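Please look over the model before reading on.

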Amino acid sequence: MASFGSGRGRGNSNRAARPPSNQAHTSPSSQPRLQLCRNFASTGNCHHGERCKFSHVVKSLASIDVSDKNTDNKPSFNRGYGGNRPGGNGKVKDKHKVTSIAVWETNGAIKLFTGSHDGKWRLWNTAASAGGSGATLTKEFEHFVGGPVDIVHVASNYFFCGFETSPTEAPAAKAGMVHSWNLNAAQDPPMELCISPMAKYAGSGRIRSLCTTLDGRVWSGGSDGVIREWSFNSQGGTFNIVRSISGHLGAVTGLALINGVLWSGGMDGTLRLWSIESGEGAHLIPAVRKDAPQQVGNGVLPVGHSGPVTGLIPFEVPSDQSTYAFTSSLDETVMVWNATNGECVASEKHGQGVTSIALTSDLKGNPLLLCGLFYGDIMVRGTLSNPPLCLLLKISHNFLGVGHELGPVNDIQPGPGHTFYAVADDGKLTVWQIGGDFGI
């Protein structure tokens with residue numbers, strides 16, 4: 001299959017049809033084994049071997065606490081996007097939530113940055129454990145920035161950290177900050193992204209998303225609904241603001257540059273496309289009401305998210321270089337959009353809010369979609385599979401005893417060697433590795 005949709009959602013700009021769900025295709029009789037084997041996941045071995053009824057495709061390499069103890073000890077709660085799972089509330093979150101993770105490959109080593117609401121970012125070194133059945137993570141460094149960290153990001157040997165704290169000129173107020181460290185000169189003080197010399201902060205609200213390019217351009221999305229573009233001044237060694245872009249009603253939670261167009265998603269449920277030359281809006285994919293009818297005038301189905309957008313990533317089909325955008329939402333869906341015309345070509349429900357997404361690949365090089373979910377589960381889906389977004393595997397702590405006991409899974413990122421990493425509200429970082437055949 002060379003592209004999404006087999007013609008669905010294309011070729012008729014006057015009709016925006018919502019693609020059908022694949023729920024009928026996700027039963028064990030029509031898919032590879034969807035549940036991970038408990039023994040294999042935790043140890044890498046199973047005495048049942050090929051006779052095991054469960055999947056031996058993914059194993060857990062590590063699970064560690066990467067944030068400080070939360071003395072508030074507040075029980076978890078359902079914000080209305082958790083689906084219908086019983087017993088999901090009332091568990092105490094005794095660690096500060098971990099919000100973001102970034103992978104840094106340097107000099108043959110794999111290092112990880114994590115950011116959490118204890119106000120710290122941390123750097124971890126990874127290594128294979130004795131016997132090669134797992135991974136060992138060692139903390140190399142931690143830095144307190146003064147307030148909750150919402151995003152960490154690595155690009156071209158620069159490390160970016162978005163956090164909230166009080167600016168020096170207004171110590172009783174809070175603002176969003178972005179600091180950037182040159183990883184080739186880590187001893188140097190960080191560069192600070194400032195709106196102006198009299199406003200030494202990156203936004204009036206928390207920084208929820210970042211997008212960077214190799215030529216030194218940066219876009220930040222804030223909880224104030226504003227996207228700000230920054231450019232790197234190599235002579236002064238600073239980032240200067242280029243423009244501010246307004247349109248979202250609420251936090252900007254996702255940014256991606258696709259085909260020279262900046263895509264953004266927000267807590268308002270909308271997706272917006274912007275010209276990177278002018279900053280002007282180029283296209284709007286509006287949100288839809290949760291109670292929107294399944295069919296409206298002339299048989300046209302509503303298309304768009306009905307809840308906050310939580311993830312936005314670009315995807316290029318290897319065979320023909322056609323481009324798409326994947327988006328996730330607390331409305332329990334992942335949607336796929338044709339990046340050329342903005343039409344929805346695939347959509348899939350997950351039974352609980354989808355809180356993070358990332359792309360990786362199997363051992364054959366087939367692209368896969370990783371979905372972090374509201375209750376701490378992780379789903380692995382096909383991309384170019386037939387049907388699109390077919391469910392390949394579900395990783396659930398309730399079943400396995402490993403993984404994230406408490407969600408949401410706030411970030412998930414791919415790594416080398418078919419590994420992937422996830423962080424969640426339970427304060428944990430989990431490391432996984434794909435080592436088998438999904439049958440696609």
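A residue is called buried under 20% relative accessible area, exposed over 50% and partly exposed in between, with a 1.4 Å probe and protein chains only. Helices (H or I, at least four residues) and strands (E, at least two) are DSSP runs, numbered from the N terminus. The model is predicted: local features need pLDDT of at least 70, side-chain atom pairs count only at pLDDT 80 or more, and totals for chains, interfaces and linings use all residues. Residues are numbered from 1 along each chain as its sequence is written, and side-chain values use heavy atoms, without hydrogens or water.

Strand 24 (residues 378-382) is mostly covered, with five of its five residues buried. In a regular strand, side chains alternate between the two faces of the sheet. Both faces of strand 24 are covered. Ile378, Val380 and Gly382 are buried on one side, Met379 and Arg381 on the other.

Two strands pair if DSSP finds at least two bridges between them. Strand 23 (residues 367-373) runs antiparallel to strand 24, joined by five bridges. Strand 25 (residues 391-395) also pairs with strand 24 in the antiparallel sense, over four bridges. Val380 of strand 24 stands opposite Leu370, and Val380 has Leu393 as its bridge partner in strand 25. Strand 23 and strand 24 form a hairpin with four residues between the strands. There, Gly376 takes a positive phi near 100°.

Strand 21 (residues 344-349) has five of its six residues buried, so it is largely enclosed by the rest of the structure. Strand 20 (residues 333-338) pairs with strand 21 over five bridges, in the antiparallel sense. Thr333 has Lys349 of strand 21 as its bridge partner. Five residues lie between strand 20 and strand 21 in their hairpin. Gly342, in the turn, has a positive phi of about 75°.

**The sheet 6-7-8-9**

Four strands make an open sheet in the order 6-7-8-9, with antiparallel pairing. Strand 6 (149-155) and strand 9 (191-192) stand at the edges with a single partner strand each, so one side of each has no neighbour in the sheet. Strand 7 (residues 158-165) and strand 8 (residues 175-182) pair over eight bridges. In strand 8, Ala175 is the bridge partner of Thr165.

The loop between strand 6 and strand 7 holds Ser156 and Asn157. Phi of Ser156 is near 50°, positive in a residue other than glycine. Asn157, also not a glycine, has a positive phi near 60°. Ser156 is partly exposed at 45% relative accessible area, and Asn157 is partly exposed at 31%.

Another backbone exception lies elsewhere. The peptide bond from Gly407 to Pro408 is cis, with omega near 0°. Pro408 sits in the loop between helix 2 (397-400) and strand 26.

**Aromatic rings and cysteines**

Rings of Phe, Tyr and Trp (its six-membered ring) pair if their centres lie within 6.5 Å; planes under 30 degrees apart count as stacked, over 60 as edge-to-face and the rest as tilted. The whole structure has 13 aromatic pairs. Phe232 and Phe239 have ring centres 5.0 Å apart and planes at 50°, so this pair is tilted. Trp104, Phe113, Trp121, Phe141, Phe159 and Trp181 form one aromatic cluster.

A disulfide is a pair of cysteine sulfur atoms within 2.5 Å. A search of the whole structure finds zero disulfides. The sulfur of Cys37 is 3.9 Å from the closest cysteine sulfur, in Cys52, too far for a bond.

| Residue | Relative accessible area | State |
|---|---|---|
| Phe232 | 28% | partly exposed |
| Phe239 | 6% | buried |
| Cys37 | 4% | buried |
| Cys161 | 0% | buried |

**The largest pocket**

On a 1 Å grid over the protein atoms alone, a pocket is an open set of points where a 1.4 Å probe fits, with protein on both sides within 12 Å along at least five of seven lines; lining residues have an atom within 4 Å of a point. The largest pocket has a volume of about 1500 Å³, the space filled by probe spheres set on the points, which are joined across faces, edges and corners. Elements giving two or more residues to its lining include strand 6, strand 18 (309-316) and strand 26 (409-414). Strand 18 gives the largest share, six residues. The lining has 45 residues, with Ile151, Thr253, Thr310, Asn410 and Asp411 nearest the centre.
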